Amino acid sequence: METELKVDLYAVCWNERDMLPFFFEHYDPVVDRYFIYDDGSDDGTLDLLRDHPKVVTCAFPRTVRGSFVGSQQDFQNEVWKSSRGEADWVIVTAIDEHITFKPGLTKDHLHIYMSAGATLIPALGYEMIAGILPATECSLSRSIGTGVFAPKYNKLSLFRPDRIKETGFSPGRHRAFPTGDLKIAPWDELMLLHYRHVGFERTFKRNLDLAARLGQVDRANRWGGHYDRSREVFREHWHQLEAAAHDVRADDFRAWSHAPVKWRWWRAEDFVDPGPPWDVSEQKPNGPAAPRPGPQPTPVLASLDRDPLVAGDS
């Protein structure tokens with residue numbers, strides 16, 4: 001299959017030296033250009049960004065006085081528009097967010113959606129959790145596979161810049177109200193794996209550091225309020241995640257059948273997800289899974305022509 005399509009990625013970054021190697025390991029096979037907007041890193045992050053041949057490093061613009069979250073919202077709703085006429089797909093994400101299909105994130109898979117006319121691919125969100133951060137030579141997605149379905153991470157991260165007029169991201173990108181030529185496939189297979197909860201002490205300290213960077217407007221709106229959890233409250237939250245986690249890497253795990261439809265803001269309440277036509281899920285009584293028909297280049301696409309449902313908190 002041809003792989004000439006171009007993919008741009010946009011993200012905000014602050015002191016992500018420990019996560020960037022995993023970020024690049026995940027996205028390098030599919031991303032042609034990274035536009036990383038740094039918000040004053042002082043931990044060696046900038047050295048890693050400058051050493052990467054695909055990265056364009058910029059300063060993150062604080063456009064809303066007293067609000068990192070508001071500035072980030074402005075950024076995420078506008079910055080990707082510079083890829084119009086330059087890229088076939090854009091990814092708007094965070095350094096600890098890995099979007100992936102069950103077989104992995106590849107240009108071949110994006111070609112299937114593009115040839116079918118899809119213009120956006122919303123993702124099903126999972127909050128990943130692990131006791132330690134793996135060695136940097138490991139793949140994060142292969143090393144950490146346990147996660148909890150998290151409706152607020154049902155995000156729009158992947159779309160075609162020439163076909164979308166506005167993304168309409170809410171604070172944190174937890175909801176989207178896109179406009180333009182909106183076409184989605186009649187199934188949901190893209191997952192967003194959020195690797196924030198990796199190492200208890202590491203995550204607790206990171207949360208405190210992020211809380212200290214919130215502005216007056218952020219606090220007034222309770223944006224990022226979860227960063228201020230006490231150690232005891234955060235530990236209880238951690239235990240709850242561990243108890244509810246599933247192995248999303250398991251051969252029999254299917255996000256499209258696991259994630260409740262009611263939290264998918266891009267779907268009608270009576271939507272039934274059949275899964276992608278190339279899914280291998282029909283088990284023989286005494287043998288391996290029997291493959292369903294291979295990738296279909298022209299699935300019937302649905303138009304997203306209604307106001308999205310409200311899902312999750314911000």
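Close-up 1. What you see is a predicted model, with residues numbered from 1 along each chain as its sequence is written. Local features here need pLDDT of at least 70, side-chain atom pairs count only at pLDDT 80 or more, totals for chains, interfaces and linings use all residues, and side-chain values use heavy atoms, leaving out hydrogens and water. Strands β1 and β2 pair in the parallel sense over six bridges (pairing takes at least two DSSP bridges between two strands). To get from β1 to β2, the chain goes through helix α1 (residues 20-27), making a right-handed β-α-β crossover. Right-handed means that, with the strands pointing away from you, the path from the first strand over the helix to the second runs clockwise. Helices (H or I, at least four residues) and strands (E, at least two) are DSSP runs, numbered from the N terminus.

**Close-up 2. Strand β2 also runs parallel to β3 (residues 55-59), joined by five bridges.** Look for F35, which stands opposite V56 in β3. Here the chain crosses from β2 through helix α2 (residues 45-51) to β3, and this β-α-β crossover is right-handed. Five of the six residues of β2 (residues 33-38) are buried, so the rest of the structure largely encloses this strand. Buried means under 20% relative accessible area (1.4 Å probe, protein chains only).

**Close-up 3. Helix α4 (residues 107-116) is mostly covered.** Seven of its ten residues are buried, including H109, L110 and Y113. The buried residues of α4 pack against β1 (7-13), β4 (89-94), β6 (120-121) and β9 (158-159), with contact meaning heavy atoms within 4.5 Å. Just after α4 comes G117, with a positive phi of about 95 degrees.

How values were computed
Buried < 20%, exposed > 50% of the residue type's maximum accessible area, 1.4 Å probe, protein only.
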